[in-house]
Amino acid sequence: MYAYIPSPSINDFEVGPFELHFYGLTYALALIVGLFILVRRWEAVGGKSDEIFDAVLWAVPAGIIGGRIYFDLTSSDEIPDHWWGPFAVWHGGLGSWGAFGAAVLVGIWRFRRSGASVSLGLDAVAPALLVAQAIGRFGNYLNQELYGKPSTLPWAVEIDPAHRPEGYRQYATFQPTFFYEAAWDLALAGFLIWLGRHRDIRPPGLFALYVTGYSAFRIFEELLRVDPSHYILGLRLNFFVACIGVIAGATWFAWTQGWWGRHRQAARQT
């Protein structure tokens, strides 16, 4: 028998009359850790913690709503067959593109209202978002969702039959893409922090690199995942979203650093 990572034996527990889900607790932990990192980074550039708490107070609900809407639109087959199905975030199903997109847009709105620097705020939040996303991916493991193709690698993860998609019922272990992404997110967060300290990066260049780097890994990840999805030209919808993210992020980074302006000036001089 080959080695593998066992599936979690439980994903919720009861405290008195309340049923608590590890998935939700994982996301709560991700929020707390990400907020701690964000406040530290924002205060390091002269910002006030009150500005962060105000933005987060609005951004978190927006992220949950945006993430669920994105999931409902792109993974409609996974919605529980009940009237409350489209809202059932406790069963998993928060699309990261919609969640972080909505949260960032609302956070920008609150920053503008407070008079704080949006560019500096975006650079401060980039590593915090990556760490939060890394922690959140462990919630996918606990829910046995968003994994990759069947695998017999020593780090393959066991998936219970009830959580295997159609066409893969006969397989027991799969690529743990959620762990792959968690490792990538942490590595990218560390790189962005190092880059911000050792190189002269104009804000919001770090955030633009976050968009580029995260999207680049999602291209690879989407080629591995087997969970239900909408397909275009034989490829998962999120593959194309990730490609757009790479192009947009790289273009944004080049623009923030003034590379286009220097290129045009050099062209005129020649």
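This is a predicted model: local features need pLDDT of at least 70, side-chain atom pairs count only at pLDDT 80 or more; totals for chains, interfaces and linings use all residues.
Q: How do the axes of helix 3 and helix 6 cross?
A: The axes of helix 3 (residues 96–114) and helix 6 come within 13 Å and cross at roughly 170°. Axes are lines fitted to C-alpha atoms, for helices over the stretch in contact, with angles from 0 to 180 degrees between N-to-C directions. The two helices are therefore roughly antiparallel to each other (an angle over 145 degrees). Helices are DSSP runs of H or I with at least four residues, and strands are E runs of at least two, numbered from the N terminus.

Q: Which residues of helix 3 meet helix 6?
A: S96, W97, F100 and V104 in helix 3 meet F207, Y210, Y214, S215 and R218 in helix 6 (contact means heavy atoms within 4.5 Å).

Q: Turning to E221, is that residue buried or exposed?
A: E221, found in helix 6, counts as buried at 2% relative accessibility (buried means under 20% relative accessible area, with a 1.4 Å probe and protein chains only).

Q: What does E221 contact?
A: Leaving aside neighbours within four places in sequence, E221 is in contact with T177, F178 and E181. In helix 5, T177, F178 and E181 are among the buried residues.

Q: What do the buried residues of helix 5 pack against?
A: They pack against helix 4 (118–143), strand 3 (157–158) and helix 6 (205–222).

Key. Residues are numbered from 1 along each chain as its sequence is written. Side-chain values use heavy atoms; hydrogens and water are left out. Buried means under 20% relative accessible area, exposed over 50%, partly exposed in between (1.4 Å probe, protein chains only). Angles under 35 degrees count as roughly parallel, over 145 as roughly antiparallel, 65 to 115 as roughly perpendicular and the rest as oblique.
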